Amino acid sequence: MTSVTVRVPGKVNLQISVGPLRADGYHELVNVFHAVSLYDEVSAAPSDRVRVRVSGEGADQVPLDEDNLAGRAARLLADRTGHPARVALEIRKAIPVAGGMAGGSADAAAALVACDALWGTDLSAGELHALAAELGSDVPFALMGGTAVGRGRGEDLVPVTARGTFHWVFALAPGGLSTAAVYAECDLLRRHEAVPEPAASDALMAALAAGDAKALGAALANDLQPASLALRPQLAKVLRAGEDFGALGGIVSGSGPTCAFLAESGRHAEELALALSDAGVCRAAVRATGPVPGAVIV
Ligand SMILES: C[C@](O)(CO)[C@H](O)COP(=O)(O)OP(=O)(O)OC[C@H]1O[C@@H](n2ccc(N)nc2=O)[C@H](O)[C@@H]1O
Ligand SMILES: Nc1ncnc2c1ncn2[C@@H]1O[C@H](COP(=O)(O)OP(=O)(O)OP(=O)(O)O)[C@@H](O)[C@H]1O
């Protein structure tokens with residue numbers, strides 16, 4: 001085989017309920033993931049060692065050394081299967097880097113799928129999921145796609161039935177936010193509160209099952225949002241602009257700083273994206289739909 005290409009989506013979190021800090025440094029979550037049609041592509045081809053090249057959105061901010069998550073995924077798969085760690089990975093990015101849309105996690109999931117096919121290591125879905133969870137809390141969902149509830153640190157996934165297609169606008173911010181820093185800020189902001197166990201929102205689940213965009217917009221909830229806003233106060237202006245321009249709901253995506261807005265239709269999403277761009281509150285406003293499938297060979 002000469003080359004394998006995998007397409008992998010970014011995500012928005014429809015709900016993040018952040019529970020107490022665990023002894024291992026992670027937080028217990030109820031994390032409702034939703035895969036959206038903003039895709040990275042990862043190609044894997046034979047090489048003499050692990051090599052990584054990156055192009056596209058934010059490519060200059062992506063490490064090419066052993067920190068690259070796609071390269072780490074390839075080395076982990078090689079290590080566990082005994083296959084030589086030899087592959088040239090080419091990453092084409094559209095998912096914003098450090099944007100709260102799990103771009104690095106998506107590339108890691110794509111690299112696992114691509115190398116598994118290129119090398120003929122032929123792991124089961126369960127084996128790939130276990131390697132994905134070792135690489136990061138968001139990586140298993142990038143394999144699965146669709147809409148799913150993640151428990152534990154987010155890796156323990158159960159698919160959620162969602163009817164229809166939802167239309168989103170993502171307001172991309174200049175620069176990124178560190179996920180670890182946002183969780184640390186969340187702890188700091190809640191240091192005087194008793195933190196309850198995380199819980200799924202019934203209103204959100206009912207909205208998804210009914211395909212009711214208006215109800216979904218009203219049910220979006222992210223416990224990390226106050227922390228992202230504390231670290232990046234300008235985001236309040238972005239969220240207010242989305243609301244003023246008629247979004248059904250607006251939320252910081254994951255740990256931020258990307259903001260996600262739910263629209264009524266494709267047409268409404270187009271208008272909303274244009275209004276956000278014209279208002280000058282973001283670097284760019286891009287449209288996407290969800291849910292979409294996880295990492296697939298194309
Ligand atoms: C914010 C989200 O993107 C929402 O899906 C995820 O919770 C973060 O997932 P991720 O980027 O894959 O995170 P990981 O690479 O596993 O962890 C990065 C850091 O985030 C914090 N972290 C992550 C997940 C979690 N359940 N609790 C945490 O406190 C920890 O400080 C950890 O060191
Ligand atoms: N292939 C990759 N693509 C993007 N970033 C990568 C990659 N590999 C390593 N990184 C590093 O990981 C950091 C986080 O990038 P990523 O785009 O995954 O953030 P994120 O979308 O905020 O993640 P999450 O939503 O999972 O918290 C970046 O700052 C970058 O240094």
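Reader: Where is the place of Gly120?

Author: Gly120 sits in the loop between α2 and α3 (125-135). Helices (H or I, at least four residues) and strands (E, at least two) are DSSP runs, numbered from the N terminus. Keep in mind that this is a predicted model: local features need pLDDT of at least 70, side-chain atom pairs count only at pLDDT 80 or more, and totals for chains, interfaces and linings use all residues. Residues are numbered from 1 along each chain as its sequence is written, while chains are lettered from A and ligands numbered from 1 in the order in which they are written.

Reader: Does Gly120 count as buried or exposed, and why?

Author: Start with the rule: buried is 20 or more other C-beta atoms within 10 Å of the residue's own, exposed is 12 or fewer, and partly exposed is in between, with C-beta atoms placed from the backbone. Gly120 counts as exposed because it has 9 C-beta neighbours inside 10 Å. Its C-alpha is separated by 9.4 Å from that of His83, 37 residues apart along the chain.

Reader: And Val62, buried or exposed?

Author: Val62 counts as buried, because 23 C-beta neighbours lie inside 10 Å. You'll find Val62 in the loop between β3 (50-56) and α1 (69-81).

Reader: Which residues does Val62 touch?

Author: Contact here means that two C-beta atoms, placed from the backbone, lie within 7 Å. Not counting residues up to four places away in sequence, Val62 touches Val54, Asn68, Lys93 and Val97.

Reader: Which residues touch the most other members of the largest nonpolar core?

Author: Idea before case: a nonpolar core is a set of buried Ala, Val, Leu, Ile, Met, Phe, Trp, Tyr and Cys residues joined through C-beta atoms within 7 Å. The largest one has 101 residues, and Ala70, Ala109, Ala110, Ala111, Leu112, Trp168 and Val169 touch the most other members. Helix α2 (residues 103-119) gives the largest share of this core, 11 residues. Leu112, leaving aside neighbours within four places in sequence, is in contact with Ala73, Leu77, Leu128, Leu131 and Ala132.

Reader: How do I read the domains, and what are they here?

Author: Domain bounds come from an automatic or database domain assignment. For this protein chain the assignment gives domain 1 (4-160) and domain 2 (166-290). Their centres, taken over C-alpha atoms, are 22 Å apart. The contact takes 30 residues from domain 1 and 34 residues from domain 2.

Reader: What is the strand order of the open sheet of four strands?

Author: Two strands pair if DSSP finds at least two bridges between them. The order is β9-β10-β7-β11, with antiparallel pairing. At the edges are β9 (249-252) and β11 (284-290), each pairing on one side only. β7 (residues 166-172) is joined to β11 by seven bridges, and His167 stands opposite Thr289 in β11. Four bridges join β9 to β10, with Ile251 opposite Ala260 in β10.

Reader: Which helices lie on those strands, and at what angles?

Author: Axes are lines fitted to C-alpha atoms, for helices over the stretch in contact, and angles run from 0 to 180 degrees between N-to-C directions. Helix α9 (residues 235-244) lies across β7, β9 and β10 (259-263), at about 5° to β10. Helix α10 (residues 266-279) packs on the sheet, touching β7, β10 and β11, and its direction makes about 10° with that of β7.
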